Amino acid sequence: MKIEMLDHVAGAREARGIAVVIDVFRAFSVAAYAFDAGAARVMPVAEIEDAKALAGRFPGAVLAGERHARKLPGFDIGNSPTDVRNIDLRGKVLVHTTHAGTQGLVNATRADEVLTGAFVNISAVRHYIASRAPQQVSLVRMGHEARERCAEDDLYAECLRLLLRGEPAPLDEVRDRLRHAPAAVKFFDQACDWAPRDDFDYCTDVDRFDFVMRLRRVPGEPLELQRVSAR
């Protein structure tokens, strides 16, 4: 199995084989919590206006999104697991747009399969990939605003690389190692009311979920994440 490390939107466009698009803080943690909360569908979108238009097609849809980590005006919730847990998502469609993670999903058009990457289900992702036995895996670190590397996505990529090679990964150190990461500072700053303190704990709750999220691509239809068993 060849494992390639890539970055940002350009990396997503280059991804081949099974692509894992990584966004730990917070896009793909949010998506996992949304499925756990009973969302019927999770639909990633790149552009803000496209997200609004798509939500308008589904009565009762919930609009989730951010730019520069802050909730978008007119959206129901931000890009926050805490927000997800504070609303009723049962049976609803979640339309989700973010600065980094959803941009990677939309642009990973040349990969055979596209999965999401976050610590909340990293072992499930490893099991799923192992069961598929691909020749190539592309780990796409979306980073800070899809323009610069970040500690949390780098750590995830390295942990998954080790797991895929059958080597031990420091999963028990994730919370401690990310506590002082630049992107984590906002969670501990009371002035950043758009980044709840609990989001840090939710995003670093390693292996909370035992499912993967795989991108469904059908010509003429909007992109959609599917909750899939890891085995």
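Modeller: Start with exposure: buried means under 20% relative accessible area, exposed over 50%, and partly exposed in between, with a 1.4 Å probe and protein chains only. Glu-145 is buried by that rule, with a relative accessible area of 16%. This is a predicted model, so local features need pLDDT of at least 70 and side-chain atom pairs count only at pLDDT 80 or more, while totals for chains, interfaces and linings use all residues. Residues are numbered from 1 along each chain as its sequence is written, and side-chain values use heavy atoms, with hydrogens and water left out.

Colleague: Where does Glu-145 sit, and what is its phi?

Modeller: Helices (H or I, at least four residues) and strands (E, at least two) are DSSP runs, numbered from the N terminus. Glu-145 belongs to the loop between β8 and α7. Its phi is near 55 degrees, a positive value in a residue other than glycine.

Colleague: Which residue makes a salt bridge with Glu-145?

Modeller: A salt bridge is a side-chain nitrogen of Lys or Arg within 4 Å of a carboxyl oxygen of Asp or Glu. Glu-145 pairs with Arg-147, at 3.1 Å from N to O. The structure holds 19 salt bridges. Another of them links Arg-90 to Asp-88, whose closest N and O atoms are 2.9 Å apart. Arg-90 is exposed at 62% relative accessible area, and Asp-88 is partly exposed at 38%.

Colleague: How many residues apart are Asp-201 and Arg-197 in helix α9?

Modeller: They are four residues apart, about one turn of the helix, and α9 covers residues 197-203.

Colleague: Why is α7 described as largely enclosed by the rest of the structure?

Modeller: The count of buried residues decides it: 11 of the 14 residues of α7 are buried, so the helix is largely enclosed by the rest of the structure. Among the buried ones are Glu-152, Tyr-156, Cys-159 and Arg-161. Contact means heavy atoms within 4.5 Å. The elements covering these buried residues include β1 (2-7), β2, β7, α6, β8 and α8 (174-178).

Colleague: How does the length of α7 compare with the expected span?

Modeller: The expected span of a helix is 1.5 Å times one less than its number of residues. With 14 residues, α7 reaches 20 Å from its first C-alpha to its last, close to the 20 Å expected. Just after α7, Gly-166 has a positive phi of about 75 degrees.

Colleague: Which residues of α6 are buried?

Modeller: In α6 (residues 122-132), the buried residues are Ile-122, Ser-123, Ala-124, Val-125, Tyr-128 and Ile-129. They pack against several elements, including β7 (113-117), α7 (151-164) and β9 (211-216). Ala-133, in the loop between α6 and β8, has a positive phi near 50 degrees. Ala-133 is exposed, with a relative accessible area of 59%.

Colleague: What is the volume of the largest pocket, and which residues are closest to its centre?

Modeller: Rolling a probe the size of a water molecule over the atoms shows where empty space is left. On a 1 Å grid over the protein atoms alone, a pocket is an open set of points where a 1.4 Å probe fits, with protein on both sides within 12 Å along at least five of seven lines; lining residues have an atom within 4 Å of a point. Grid points are joined across faces, edges and corners, and a volume is the space filled by probe spheres set on the points. The largest pocket has a volume of about 410 Å³. It is lined by 23 residues, and the closest to its centre are Phe-25, His-144, Glu-145, Ala-183 and Lys-186. With three residues, α7 gives the most to the lining.

Colleague: What is the peptide bond from Phe-25 to Arg-26 like, cis or trans?

Modeller: That bond is cis, with omega near 15 degrees. Arg-26 lies in the loop between β2 and α2 (27-36). Phe-25 and Arg-26 are among the residues that Phe-187 touches, not counting residues up to four places away in sequence. Phe-187 is buried, at 2% relative accessible area.
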